[in-house]
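Q: Hi! I'm new to this one and would like a friendly tour. Could you show me what we're looking at?

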Amino acid sequence: MTADIPESSTQPTSAERIAAQLRALIVRGEIAGGAALRQDHIAERFASSHVPVREAFQRLEAQGLVVTLPRRGVRVTILSPAAIKEAMEMRAVLEVLALRHSAPNLTTADIDRLEQTQAQCAAATSLADWDTANCAFHEAMVSACGMPRLLDVLQQLQLTNSRYLFAAGLVRGWQPRSDQDHRLIIEALKEKNVERAVQLLGRHIGTMERVGFAQ
């Protein structure tokens, strides 16, 4: 008989829960760039001690969402045009690299997951739902690359992309999107045409800068 796994081992820690909720608020612009995050206020807000709050701040700082400044405490990073441009250019290279390594390893189940997340993108009726599905799609594409450090960098770049998406969407309005590029990438992956898939992905990411709206 195998030992039961304690329930706590499969549950997120307090620090993880706090980091996840703060991350969502920052990405969606509900906590603005430059805003101060007071440890005591956050602890009170989440009915927590200061220890998990500090751990949550460390997680957010590792993802480029907050920064600790001397005598100014923890503040949300400001999403400047230069930071957006840098993230787009890095994604255009690094995500293509990850897909090139991931594509040969994708299973039928992985392709099914891509199709499911694409369907969720197409069915989204809000910016938040679309962003969640879009992030899941891009993660599913590259998850089999076998390069964990690269995946960590891509996750951080995707957060910057999402922050820009919400900032642009709030200003310009958002409408449901067809995501034709996603469908074309899936077809190329089904056909085992890696070169076609990476070409489409590079174009897909590059579109963000040309039209000024996140992909």
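A: Happy to! One definition to start with: an axis here is a line fitted to C-alpha atoms, for helices over the stretch in contact, and angles run from 0 to 180 degrees between N-to-C directions. Also keep in mind that this is a predicted model.

Q: Got it. How many helices and strands does the protein have?
A: There are nine helices and three strands. Along the sequence they follow the pattern α-β-α-α-β-β-α-α-α-α-α-α.

Q: And what share of the residues is buried?
A: Of the 215 residues in the protein, 40% are buried.

Q: Okay, helices next. At what angle do H1 and H3 cross?
A: Helix H1 covers residues 14-27 and helix H3 covers residues 50-62; their axes come within 8 Å and cross at roughly 50 degrees.

Q: Which residues make the contact?
A: H1 brings Ser-14, Ala-15, Glu-16, Ile-18, Ala-19, Leu-22, Arg-23 and Ile-26. From H3 come Pro-52, Val-53, Glu-55, Ala-56, Phe-57, Arg-59 and Leu-60. Sorted by class, this contact of H1 with H3 has ten nonpolar, one polar and four charged residues.

Q: Let's switch to the strands. In what order do they sit in the sheet?
A: The order is S1-S3-S2, in an open sheet with antiparallel pairing. Strand S1 (36-37) and strand S2 (66-69) are the edge strands, each pairing on one side only.

Q: How many bridges join S2 to S3?
A: Four bridges do, and S3 is residues 73-76. Val-66 stands opposite Val-76 in S3, while Val-67 stands opposite Arg-75 in S3.

Q: What's between those two strands?
A: S2 and S3 form a hairpin with three residues between them. Arg-71 in the turn has a positive phi of about 65 degrees.

Q: Back to the sheet as a whole: which strands does H3 touch?
A: H3 packs on the sheet and touches S1, S2 and S3. The direction of H3 makes about 110 degrees with that of S2.

Q: Now further along the chain. How do H5 and H6 pack?
A: H5 and helix H6 (residues 127-142) pack at an angle of about 160 degrees, with their axes 8 Å apart. An angle over 145 counts as roughly antiparallel, so that is how H5 and H6 lie to each other. H5 passes H6 in a left-handed crossing.

Q: Which residues meet there?
A: In H5 they include Arg-113, Leu-114 and Thr-117, and in H6 they include Trp-130, Ala-133 and Phe-137. By class, the contact of H5 with H6 has eight nonpolar, four polar and two charged residues.

Q: What about H5 and H8, what angle do they make?
A: The axes of helix H5 (residues 108-123) and helix H8 (residues 180-190) come within 10 Å and cross at roughly 170 degrees. H5 and H8 are therefore roughly antiparallel to each other.

Q: And which residues meet in that pair?
A: Ile-111, Leu-114, Glu-115, Gln-118 and Cys-121 in H5 meet His-182, Arg-183, Ile-186, Leu-189 and Lys-190 in H8. That contact of H5 with H8 has five nonpolar, two polar and three charged residues.

Methods: Residues numbered from 1 in each chain as written. Predicted model: local features only at pLDDT ≥ 70, side-chain atom pairs only at ≥ 80, totals over all residues. Heavy atoms only, no water. Contact = heavy atoms within 4.5 Å. Nonpolar A, V, L, I, M, F, W, Y, C, P; charged D, E, K, R; others polar. Pairing = 2+ DSSP bridges. Buried < 20%, exposed > 50% of the residue type's maximum accessible area, 1.4 Å probe, protein only. Parallel < 35°, antiparallel > 145°, perpendicular 65-115°, else oblique. Left-handed = near helix turned anticlockwise from the far one by under 90°.
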